[in-house]
Amino acid sequence: MHAASQLLRRVRQRALVVLMTDIEDASSSGPLVAALRLLQPRHLPFVVALTQLNLGAIADRPARDWLDPWLSLAAGHTLTQRERGIRALRATGAQVVLNAPVDLELTLFEQYARFRQQRRI
């Protein structure tokens, strides 16, 4: 929240603000959501989160070992938390992307080009 208020004080022109965070920790009443609401409408917040795992595949994978049902349950729970966090962030009007670290650079530049094409920044 402090960083968002400092940004508002220092940056007068509209800017793309890239925030890297853990989506699972986002909630509808959290400080990140409050910061996103504070940044708009002057700036365009763009939330980026990284993931290495395909949780959907883990949650849907058939059990072959005694531990697999527990892994599936944990993956399903984490997936639900992630989706809830993404919905909360998007409800503020922020753009949200979940990506693998290897694709991060390309995704950022592609999204930036889209924002420019749409004249959002």
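In the predicted model described here, the crossing of helices α1 and α2 is right-handed, a crossing being right-handed if the near helix is turned clockwise from the far one by less than a right angle and left-handed if anticlockwise. The contact involves A4, S5, L7 and L8 of α1 together with A35, L38 and L39 of α2, where contact means heavy atoms within 4.5 Å. Of these residues, six are nonpolar, one is polar and none is charged. The axes of α1 (residues 2-10) and α2 (residues 31-39) come within 8 Å and cross at roughly 15°, and the two helices are therefore roughly parallel to each other (angles under 35 degrees).

Residues are numbered from 1 along each chain as its sequence is written. Because the model is predicted, local features need pLDDT of at least 70 and side-chain atom pairs count only at pLDDT 80 or more, while totals for chains, interfaces and linings use all residues, and side-chain values use heavy atoms, with hydrogens and water left out.

A search of the whole structure finds one aromatic pair (ring centres within 6.5 Å). This pair, formed by F46 and F115, is edge-to-face, with 5.5 Å centre to centre and 85° between the planes (edge-to-face applies over 60 degrees). F46 lies in strand β2 (residues 44-50) and F115 in helix α5 (residues 104-117), so that the pair links distant parts of the chain, 69 residues apart. Both F46 and F115 are buried (under 20% relative accessible area, with a 1.4 Å probe and protein chains only).

N99, found in strand β3 (residues 95-99), likewise counts as buried, at 11% relative accessibility. Leaving aside neighbours within four places in sequence, N99 is in contact with A49, L50, T51, L104 and T107.

Methods:
Axes are lines fitted to C-alpha atoms, for helices over the stretch in contact, and angles run from 0 to 180 degrees between N-to-C directions. Helices (H or I, at least four residues) and strands (E, at least two) are DSSP runs, numbered from the N terminus. Angles under 35 degrees count as roughly parallel, over 145 as roughly antiparallel, 65 to 115 as roughly perpendicular and the rest as oblique. Ala, Val, Leu, Ile, Met, Phe, Trp, Tyr, Cys and Pro count as nonpolar, Asp, Glu, Lys and Arg as charged, and the others, Gly among them, as polar. Buried means under 20% relative accessible area, exposed over 50%, partly exposed in between (1.4 Å probe, protein chains only). Rings of Phe, Tyr and Trp (its six-membered ring) pair if their centres lie within 6.5 Å; planes under 30 degrees apart count as stacked, over 60 as edge-to-face and the rest as tilted.
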